[in-house]
Every structure is written in C-alpha cells, then in structure tokens.
Amino acid sequence: MDAATLQNEKPQWDLESSQTSEAKSASITAFPDCLLDGSNASISEVKLGVSSGKDQGSRVKAIDLNQSHASTASSSGGRRDWAETIVACRDVKLKGEDRFTTKREVINGQRVVFCMVADGHNSSDAAEYCKKHILSFIVEACLGHASAHAIQDACVIAFHKVHEHIRTKSAWPTSGLTLAVVAVNEDERFVVCANVGDVESLIVLGKDRKKRSRYSVLTTNHRFDKNKDEVKRVEAVTETRVRPALNFAGKPQGPPRGWPGGLLFGRALGDADCEDAISPDPSLSVMRLDALSGNATIVIGSDGLWNAVEMTRVACHVHQAQKTRQDATRTAQMLVDKACNGDDAYHNSEWGKAKDDTTCAVMIVGPDYYLST
C-alpha cells in the first residue's frame, strides 16, 4: 500500500484518547540503584527553540505509569506545567552513515517535540534524505491534530512516503536506513515512538516506592537474531528466507540474514535490492506520563550504542546522571564515551575507538524548571 492510499484511508482521530483498542501493554523494569561515574566533559546544553510556523496499521504497545505516583500539583491546585524539553545529541563517526535531527512544533495549540536518529547502510544517501524530510512529513500527516492516534498514524504514513521515494524516485534506490522517531507532547504529557530495524530507544523514570529506578524500552528490535517473531512474520508473508551468509566453503557463517538482500533485520526504509524482504511498517508505542512528578530521560541510539552497552547499563548510567542533575548534552556524551571506551559488558577491543557509527540523542522531559534556566 502506498503512502497516498494510507493517507486517504486514515481514520478520524479520537482526540480524547491516546491509546488504540489494539494497544499492547509493556512492562516497566525496575533495577537497583547504581553508583556509576558520569562524564566530566564541559559541554554546553542544547535547547530547542519554538518554531514560528503554523500550527500544524502497526501494532501498538501502550505503557502507563502507576497512577498512585500522582503528579505534584502547583500552588493553584492544578498539575505542574512541563518545562521546555531539552534535546541533545553526540556521535562518533566511523562510516559517517548515522543521522540525527529534531523539530519543535505547535500543533493544534499543543507543544510537540520530535527527535529522530537514523542509521544508514549501503551509503548515507537514504539517511540524509530521511533527516531532511521525515519530521516535516510527520507534522504534515498529523493534519492539525496532536493526539497520540494522530501522531502514530502520521509516523506510518511518513515512513511509507520516505520508503517509496528512496525506492522509486531517488538516484540511490538500494541505499537504506533504520530509524527511530520519538514525539513528546508536552501539554498532553505522552510519548509516542516509532521505529524500524535496530535503532532503539528507552525512557528512564524516577524511583518507585521501593526506591528502585525504573526504565522502559520504547522500541522493538527487528534484528532476526533477537526477534523470532520477526523471522516468522517475514517468512510467512514473503518469499524471504532467513539464514546466515555462506563462507567461501559454502558453510553458514555469522548472524541470520534475510535473503534476497542479506540484511540483518526485516524492517527498514529503502533497500530496493531486498524486494519484499523489507517492510517499512514501524513498531509503535505510547507512554502516558500524567503521573510523572520529576524528570524523565529518553535515550535514542543507533546500534553502535546498544551493541556496546547493555540497555540495563545505559539505564543505570542515565539514572546516575539524573541524580546529579546532569544536562542532556553531558548525558549524551557520557553514553557515547561508554560505548567507545570499553568499560561495559560488551566492550570494544580497541580503547576509545568505535567499531561502528555511534549516535546517541537524549531528551529530558518533565516539570522541573531548572531545565529552562
């Protein structure tokens, strides 16, 4: 189905709800307090400015904070307003195929911040095109609505639109990318995430009643070696066969890949040489943050980050940064340093040298006004 058909068949938004009837629940993981050293780098914080522009079918998992953790009310008796979301990104380039972009919009009077990390392959052309256009495509496809429903469906439309352009209208149809997009509605207090491939995101929350820190993974990893359901989906609906590559002796070697094309995952944008082995349909998640009393930190990273540092370790490092009120830029730099300096579970063989492009974007959301000062 092309992007135009998707947009024509787009349902009416339920402006009162941020979850669909097909919503899939996802757990919030608690982990013990971690005492970890943060980065001492002296880097300025990055804050988005408000733009002056006009207001402008995948399975979904929905996450709710425990409503017993009520949000702190303001002196007027209402809930505390959120501060302006801080977004920062740091990276280490090896092949130069990762891309990052962010965008702030006012949609139907509501403040929405978008952030994207893309990991290109077979040249950086597709990732560069995505960086320039996909967030604008999402805002356009929202049709003036800022509900979770609207943003989710807009992401599906935009992913398909980029996918089709790369395959049929560009000079680099075999270039491709994986990506994750996170949207934060600061007024309705929810997070929407859409992803294909192995660019992943997690959110680190405050402590629960047992003083344990909590985090939740917002994305779905579509790598065949980590997602057996993706293998079943691909082999059931296409002629794709998932198996390792063959070495010079004709014996299997390395992780499972989808053929034709030989990619490690079943979802991406572009990659015309992979034919129907690749789907542009993103996995979607929604998380309501009505009960958030402090700040939450969202991390979006290319596989260079997650292949080097376990998710639980990333969450521990971020929690330590939260405790010391470390800004977004220093948090992003600290995580990139951890990925490249080999002091975590999946360490690199050469100290301080990335094994892949490593990109880490950090978003700090919540009501604490110190962020805006």
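Start by selecting Pro 260, which sits in the loop between strand S12 (252-259) and strand S13 (269-270); helices (H or I, at least four residues) and strands (E, at least two) are DSSP runs, numbered from the N terminus. Look at the peptide bond linking Trp 259 to Pro 260: it is cis, with omega at about 15 degrees. Most peptide bonds are trans.

A word on the model: it is predicted, so local features need pLDDT of at least 70 and side-chain atom pairs count only at pLDDT 80 or more, while totals for chains, interfaces and linings use all residues. Residues are numbered from 1 along each chain as its sequence is written, and side-chain values use heavy atoms, leaving out hydrogens and water.

Next, select Ser 123, in the loop between S6 and H2. Its phi is near 95 degrees, a positive value in a residue other than glycine. With 25% relative accessibility, Ser 123 counts as partly exposed (buried is under 20% relative accessible area, exposed over 50%, partly exposed in between; 1.4 Å probe, protein chains only).

Then move to Arg 189, in the loop between S7 and S8. Phi is positive here too, near 60 degrees, but Arg 189 counts as buried, at 3% relative accessibility.

Finish at Phe 159. Which residues does Phe 159 touch? Leaving aside residues up to four places away in sequence, its contacts (heavy atoms within 4.5 Å) include Ile 134, Leu 179, Val 181, Leu 269 and Pro 282.
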